[in-house]
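Dear colleague,

Please have it open while you read.

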Amino acid sequence: MQWDERIGRRIKLRDLHILLAVAQTGSMSRAAARLGISHPVVSKTIADLERVLAVRLLDRTPQGVEPTAYGRALLSCGTTVFDELRRTVQEIAFLSDPTVGELRVGSGAPYIDGILPAVITRLDERYPRVRFRVTETDAVTLCGMLRDRKLDLVVGRVQAPLLGEDLISEDLFDERMHVVAGLDNPWTRRRKVRLSELVTEPWLMPESDNIDMALISEAFRSAGLEVPTPHVISNSMTFRIRLIETGRFIGILPESTLKFAGRRLHAKILPVALSMLSPPTVAISLKNRTPNPISKLFADEIRSAVKERRTFLDRAPP
């Protein structure tokens, strides 16, 4: 039997859609309810697919159903097909009206608490019919969501090994780091501070597997110093900022967070020279995937916003 007779004419998008629903819900009955069709229709569709492909796509268990290795392979293809169709329809809509669409963007706390709200606000003012779906989590999870086509774009600083050969990155802006203390902290009254003078102060730091922690460690080692034992460890940027504002603790924060949260922060950058090679902030997307046309608007807006916002960092050391 030729390919077009066995596959091309026999597997329809509707069949793939039903298989995806079954895999996602773990049950034919739940898939039928989600799709608004009968249970027999779902069962027959899966049986027809298995007959055409001559392999079992689902294993039946007491808890429901789960894809076999063959099923996972077909699901991977189906996910790609529907994603590309969605992208194509979105691109057609964008070409006819560039003010309409949706962007699913993921990022980490420094950007969620800093630049992204400002960028989305600016874009929403100009394109009120564009919708944004924002996910906050760690870099490993975000890259996985890109690969699963659950995100269009990731904004952040990601170490090269996480990217692999299937993801591509585009530089957005260089990211510096600054030592910061609350406005009531005595160190804010000094005109010059050496990093060595702060070693015994109560420090706030992120977890050891956080990219910011790697940069902080590099800054102390470059100055010939041991990394201080932090009084508080947390990956929560909001939590660290709140503690810094008490005036008790000292921390190191990304420049972009300070630029866009600076007006409401009760904190000040200390005049401390840091020596570190901080990777740039990048926009990451999936290679060989039809790009979301709104992604370029978003990336360009980030670059513009960073160039324009200077207020808080006027107090930063060179």
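Is D152 buried or exposed? In this model, which is predicted, D152 has a relative accessible area of 3%, and because buried means under 20%, D152 counts as buried.

The side chain of D152 takes part in a salt bridge with that of R104, at 3.1 Å from N to O. This pair brings together distant parts of the chain, since D152 sits in the loop between α8 (139-147) and β5 (153-156) while R104 belongs to strand β3 (residues 100-107), 48 residues apart. R104 is buried as well, with a relative accessible area of 12%.

D152 also meets the side chain of R289 in a salt bridge, with an N to O distance of 3.8 Å. Here the partners are 137 residues apart, R289 being placed in the loop between β12 (281-286) and α13 (293-308), and both D152 and R289 are buried.

A further salt bridge joins the side chains of R303 and E170, at 2.6 Å from N to O. It links helix α13, which holds R303, to strand β6 (residues 167-173), which holds E170, and the two residues are 133 apart in the chain. R303 counts as partly exposed at 21% relative accessibility, and E170 is likewise partly exposed, with a relative accessible area of 42%. Through salt bridges with shared partners, E170, K296, D300 and R303 form one network.

Searching the whole structure gives 17 salt bridges, among them the pairs described above.

Terms used:
Residues numbered from 1 in each chain as written. Predicted model: local features only at pLDDT ≥ 70, side-chain atom pairs only at ≥ 80, totals over all residues. Heavy atoms only, no water. Salt bridge = Lys/Arg side-chain N within 4 Å of Asp/Glu carboxyl O. Helix = DSSP H or I, 4+ residues; strand = E, 2+ residues; numbered from the N terminus. Buried < 20%, exposed > 50% of the residue type's maximum accessible area, 1.4 Å probe, protein only.
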